[in-house]
Amino acid sequence: MHIAVVGTGYVGLVSGVCFAEMGNQVTCVDIDARKVESLRDGRLTIYEPGLEVYFDRGRRENRLRFTTDLAEALAPADVVFLALPTPPGEDGSADLRYVLGVADDVGRLLAEARRGLAGAEAGGDGAASRPWGYKVIVDKSTVPVGTSARVTAAIEAHGLEAGEDFDVVSNPEFLREGAAVDDFMKPERVVVGTDSERAAELMTRLYEPFVRSGNPILVMDEASAEMTKYAANAMLATKITFMNEVANLCDRVGADVDKVRRGIGTDSRIGPKFLYAGIGFGGSCFPKDVQALHRTAGQNGYDFRILQAVLDVNEDQKRALVPPVLDALADDAGRLDGKTITVWGLAFKPHTDDVREAPAHVLIREFVGLGADVVAFDPEAVETTRATFEREPLEGSGSLSYAETAYDAAAGADALVVATEWPEFRRPDLARVRRSLKPGPNGAPLLFDGRNVFEPGEMAEAGFAYRSIGRPA
Ligand code: UGA
């Protein structure tokens, strides 16, 4: 099949590369000429495990092309994916300006091509080289319920007929950063939202090779497909947040959230995944999508109360380690002047350099604001962190610097805080870490584990004053 992917951000690039790997002819379009040039030259613009091999192969075998020219990508395409940004607007709702802008362009080009074709049949010239037929336009971006209808209207505004010239389909993605290639190639389900049988058939043909294991392609109406995406992310964010609140209560009653997790996760109705307590969720999706769903509910006269609670609790949870750090280190004025705090992990989760809404950044802001000197280490996310704090500078009398290794970061510090569970933090040379850190108020060096990567018993044995989330010391 011929596919156009408009927008070569994270979702667009992964989708384009993976469709090409499955044998399709893919053209990716972006307005950013530098990005397109880089991709044409064989330089990937994002880091994602496994992507490079498929990217190289697709380019080498001529199934994967990049352009800034939308018309060039549209001409041969059977299916056109819109993978455009939908940043939160000021009121928290998704900003659809890019999606609707491109829909308008697509409509204009389709209409022009059709007029050209009509002209050619009537003896006109030129258009026969672009005999565009029926196309399926797919919303791949996470968009509010009702967007498919708006995209359809934007295209119809150019005199085209839905069902005849084109159809719009909602096809949300469920990719996790760091596992996106696997998630794309072996999805647990594919959701296709459309009332058009013709579009459903085309989409099913496109996705069948990805679900050979028998996982379902679920065809439903557009609104339900759009809702499915938000409901999935909101449910996952709620699940995590619920466990974080259980952990906070465990702390107060002397229970262990890890044991509770196993205790409830074995119930198949609850399931074992996404029950890990910590210093809150971050990333570009959960916070934005929970906010957007809450907003959609409000616009439709429904107060979706649990979602506001999830957002509020998560904001507090990012700061869960601040009170224990202050208890151990603050001066009489409640400040951390002259103290050095090591932060291991800057990315919002392991295996990515993405620091959007990262809990680590919130902690760093708090510590620097209170006068501490923070020394941070992350295997991938130092550059993205630097860029973030250049854009939105830290405030306060403390400072932030970066170390080359996890051990360097800990040298001479008053406390170590684990903010992201990178695998390399799980089995460090504990004796070396202990020697690097300064002794805490009770003689043992302070270790605050925001992701519960260590076992409390082992840490006590290794000589640390250890605090984690929802587990007795
Ligand atoms: C999430 C969803 O998992 C994807 O299915 C979805 O496609 C994507 O958003 C999106 O909408 O684009 P992602 O943001 O990459 O993917 O990250 P997750 O792996 O889901 O993790 C989100 C956050 O939850 C991280 O900060 C992680 O540390 C936290 N988390 C996760 C926990 O605190 N506890 C857990 O048990 C699991």
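Which residue does the UniProt annotation "active site" (unreviewed entry) cover? Select Cys285, the residue that this annotation covers. UniProt positions follow the numbering used here, feature names are shortened, and annotations may be inferred rather than shown by experiment.

Some ground rules before you zoom in. Residues are numbered from 1 along each chain as its sequence is written. What you have open is a predicted model, so local features need pLDDT of at least 70 and side-chain atom pairs count only at pLDDT 80 or more, while totals for chains, interfaces and linings use all residues.

**Stop 1**

Cys285 sits in the loop between α10 (257-265) and α11. Helices (H or I, at least four residues) and strands (E, at least two) are DSSP runs, numbered from the N terminus. Is Cys285 buried or exposed? Cys285 is buried, because 21 other C-beta atoms lie within 10 Å. The cut-offs: buried takes 20 or more other C-beta atoms within 10 Å of a residue's own, exposed takes 12 or fewer, and partly exposed is in between, with C-beta atoms placed from the backbone.

Asn233 is 52 residues from Cys285 along the chain, yet their C-alpha atoms are separated by 7.7 Å. Leaving aside neighbours within four places in sequence, Asn233 is in contact with Cys285, Phe286, Asp289 and Val290; contact means that the C-beta atoms, placed from the backbone, lie within 7 Å. Asn233 also counts as buried, with 23 C-beta neighbours inside 10 Å.

**Stop 2: the ligand shell**

How many residues surround the ligand? There are 21, and the closest are Glu177, Tyr276, Phe281, Gly283 and Cys285. A residue is near a molecule or strand if its C-beta atom, placed from the backbone, lies within 6 Å of it. The elements that give two or more residues to this shell are α9 (222-253) and α11 (286-299), and α9 gives the most, with three residues.

Colour the shell by class and you get 11 nonpolar, five polar and five charged residues. Here Ala, Val, Leu, Ile, Met, Phe, Trp, Tyr, Cys and Pro count as nonpolar, Asp, Glu, Lys and Arg as charged, and the others, Gly among them, as polar.

**Stop 3: the annotated binding site**

Next, select the UniProt "binding site" feature (unreviewed entry): Phe174, Leu175, Arg176, Glu177, Lys229, Phe274, Leu275, Tyr276, Ala277, Gly278, Gly282 and Lys349. Why don't they all gather at one spot? They span 176 residues in sequence and the farthest two C-alpha atoms are 24.1 Å apart, so they do not all gather at one spot.

Pick out three of them:

- Glu177 is in the loop between β6 (166-170) and α7 (180-185). Glu177 counts as buried, with 24 C-beta neighbours inside 10 Å, and touches Gly283, Thr352 and Asp354, not counting residues up to four places away in sequence.
- Lys349 is in the loop between β9 (340-344) and α14 (359-369). Lys349 counts as buried, with 20 C-beta neighbours inside 10 Å, and touches Gly178, Gly283 and Thr420, again not counting residues up to four places away in sequence.
- Phe274 lies in the loop between α10 and α11. Phe274 is partly exposed, with 15 other C-beta atoms within 10 Å, and its phi is near 60°, a positive value in a residue other than glycine.

While you are in the loop between β9 and α14, click His351. Phi of His351 is near 65°, a positive value in a residue other than glycine.

**Stop 4: strand β4**

Jump to β4 (residues 79-82), where both faces are covered: Val79 and Phe81 on one side, Val80 and Leu82 on the other, all buried. Strands β1 (residues 2-6) and β4 run parallel, joined by four bridges, and Ala4 has Val80 as its bridge partner in β4. β4 and β5 (residues 135-139) also run parallel, with four bridges, and Leu82 stands opposite Asp139 in β5. Strands pair if DSSP finds at least two bridges between them.

**Stop 5: zoom out to the domains**

Colour by domain: domain 1 (2-219), domain 2 (230-315) and domain 3 (318-467). These bounds come from an automatic or database domain assignment. The centres of domain 1 and domain 2, taken over C-alpha atoms, are separated by 32 Å. Where they meet, 10 residues of domain 1 are in contact with eight residues of domain 2. The domain 1 side has five nonpolar, three polar and two charged residues. Bring the ligand back to finish: its shell draws at least three residues from each of domain 1 and domain 2.

Note on methods. Two residues are in contact if their C-beta atoms, placed from the backbone, lie within 7 Å.
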